[in-house]
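Dear colleague,

Please find the structure below.

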Amino acid sequence: MALPRLLFVTGKGGTGKSTVAAALAHALSLERPTVLADLDPRLSAAAMLLGAPLTGDAPARAGANLEVVALTARAELEAFMRRIVPVAAISRRMLRSRTFGYVTAALPGLEAFLLLERLRIMAGDAALENRYVVVDAPASGSALELLAVARGVKGIAPIGSLNRIAHSVESFLVDSARFGVILTVTPEELAIREALELAGALRTHLGIATVAAIMNRTPAPMFTRADLEAIAGLGAHASLARRREHERAAARRARTQFARAGVPMIELAMLYRPAMGRAEIDELAAAIAAEMPAR
Amino acid sequence: MNQLDLGGCKLAICLGPGGVGKTTISAALAIDAASAGRAVDVMTVDPAPRLLDALGLGSDASEPREVDLREVPGAKRGRLRALRLDPRATFDAIVRRHAASPAAAEAIIAGRIYRNIASAFAGVADYMAMEKLLELDAEPATDFIVLDTPPAAEALDFLEAPRRLLELLGSRAVTLLGPRTGRFGGSMVDIAARAVLSAFDRVTGLKLLGDVQAFVRNFDGMYEGFAERAKRAGAMLHADTAAVIVVTTAEAGRIAQAREFIAALGRAELRVRAVIVNRAMANLPETAEISQAKVPAALKRKLRRNLEDHAALKTREALSFDTLRATMPAGAALMLAPDLGHEPRTLSDLAQIATQIHRA
């Protein structure tokens with residue numbers, strides 16, 4: 001199975017989405033030029049982890065084959081408006097803010113929709129130039145909303161340019177050669193359940209394939225069952241040990257659950273380090289590169 | 001009673017990045033105040049299913065419901081009511097209340113633009129939270145309100161989104177799209193906006209111009225009432241009896257967001273009472289306990305290694321706290337809410353979180 005050109009990284013808040021997106025982009029860049037697109041450029045968390053903070057609209061270089069770009073819905077809408085409305089003579093700024101007020105209020109999904117159109121174009125370019133695109137996308141709830149927006153636009157615009165774009169965005173999202181979702185998850189029941197539900201919702205409602213689930217922060221095995229029994233009386237030490245093995249077990253169960261859902265799972269080790277920096281990202285990238293489904 | 005004393009407050013509002021447990025903290029603070037004997041209302045936004053169960057809220061609890069406090073240990077006879085914000089239902093109710101006639105209300109509610117705005121425009125949830133706040137405040141029996149806020153990318157969304165919504169509904173728009181009379185006349189901007197919308201319609205295949213026009217015309221006359229209420233809600237948040245609380249977790253990305261929230265609140269002249277770091281790690285046990293334990297040496301080595309691993313994480317967390325401390329506003333307390341080790345499932349879980357909130 002080949003990887004899609006564009007990998008859309010999402011997951012429940014707090015599962016390390018930006019960390020995984022940064023590590024995944026770095027892993028892919030070892031093989032081919034890769035672009036990491038940050039959909040929350042205000043924080044540019046993934047860019048920071050790669051030591052290439054974003055400033056303004058300019059792309060930042062994070063490695064020989066790795067570039068980070070910021071994508072904002074607002075910028076896409078501005079570009080779209082510029083394309084359709086020639087307003088040179090009039091005070092552009094005032095006009096812009098107020099007209100945008102109407103357009104975004106009347107069509108709240110429009111900005112998000114144009115962002116998807118941008119991803120479609122990026123994936124097309126990546127295919128021509130044999131590159132990968134990794135997207136540090138919003139957390140699961142908003143991601144589902146974002147990916148569903150094309151359908152809504154088709155509903156309100158039965159004809160015209162938006163309708164045409166909606167069709168091409170929809171066929172982009174269901175094309176496993178161009179688009180795929182990577183789900184980040186941590187070894188906790190709730191995060192696992194949410195990830196499984198999201199994979200199901202993406203498949204059944206939108207026909208979107210999940211390429212892999214990345215189980216982040218999986219503790220390495222340490223205590224056997226006999227160990228845990230022997231230290232049962234040790235209070236806080238025992239509960240630290242139990243928690244570690246509990247997470248370990250949750251990750252193991254999740255592998256079966258994801259397999260049943262047709263989603264391969266990649267495990268990333270919990271890094272017990274006082275800080276997360278470039279070295280840690282490189283380490284996680286190596287683990288991803290070793291486990292990534294065959295390309 | 002925890003170390004964050006909100007006894008003198010009539011309102012607490014929890015703001016913060018998504019996914020940090022704002023709803024959990026809101027509910028915990030509400031239970032804490034209720035078990036201290038106060039009459040409390042808590043408005044939640046988008047609670048996790050388990051939290052809904054814990055509060056006894058069904059799917060349609062857009063009106064306050066009494067929470068059974070019997071399972072909360074040591075509860076005095078306070079009162080707790082909880083509700084879940086339903087922006088759409090609240091908006092419909094307001095339109096019905098303020099519209100010139102029932103027919104006008106139904107015309108607004110059935111319109112395409114309204115349906116879009118009411119279900120998806122980000123400002124609506126925030127505006128409706130403020131509306132509910134005023135409704136709850138009007139209740140004389142309530143002496144403390146805890147407000148959870150909709151997920152937002154930026155702190156001021158909650159305060160500014162209502163203004164954006166109001167701007168859209170503003171009477172200026174009537175002159176813009178309707179007949180050219182009134183305060184603002186037909187300025188260049190008005191004419192240009194009309195040109196932009198009609199070009200937009202032509203290219204996109206939508207009929208926005210007509211729809212926006214109808215929407216704005218229907219709202220004519222309701223604007224002042226809306227604006228007045230938003231202003232009153234804003235004043236409540238700025239009052240001395242309101243506690244603005246920023247909720248975050250110790251994760252680096254969340255801390256960066258929380259710092260932006262704090263800075264933005266400062267610019268809006270809102271005084272932050274406390275920053276609560278949710279799911280903070282518990283204190284680690286002593287190494288000495290391992291040496292004294294009666295277990296094989298190999299197992300002691302494992303226990304030491306496990307402790308060292310967690311100590312590294314604890315260091316990472318402490319660095320996060322330092323980053324936060326550097327941006328703490330004057331007079332705000334840095335508080336920690338402990339990690340239970342599992343998702344809060346019951347009222348006692350929430351009460352436990354509340355009693356354990358302590359100064360960092």
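Two residues are in contact if their C-beta atoms, placed from the backbone, lie within 7 Å. Leaving aside neighbours within four places in sequence, Glu194(A) is in contact with Lys12(A) and Ser140(A).

This is a predicted model, in which local features need pLDDT of at least 70 and side-chain atom pairs count only at pLDDT 80 or more, while totals for chains, interfaces and linings use all residues. Residues are numbered from 1 along each chain as its sequence is written, and chains are lettered from A and ligands numbered from 1 in the order in which they are written.

Glu194(A) belongs to helix H9 (residues 189–206) of chain A; helices (H or I, at least four residues) and strands (E, at least two) are DSSP runs, numbered from the N terminus. Glu194(A) counts as buried because it has 21 C-beta neighbours inside 10 Å. A residue is buried if 20 or more other C-beta atoms lie within 10 Å of its own, exposed if 12 or fewer, and partly exposed in between. Of the 295 residues of chain A, 51% are buried. Chain A has 12 helices and eight strands.

In chain B, nine strands form an open, mixed sheet in the order S3-S4-S2-S5-S1-S6-S7-S8-S9; two strands pair if DSSP finds at least two bridges between them. Strands S3 (65–66) and S9 (358–359) of chain B stand at the edges with a single partner strand each, so one side of each lacks a neighbour in the sheet. Strands S6 (residues 242–249) and S7 (residues 272–280) of chain B run parallel, joined by six bridges.
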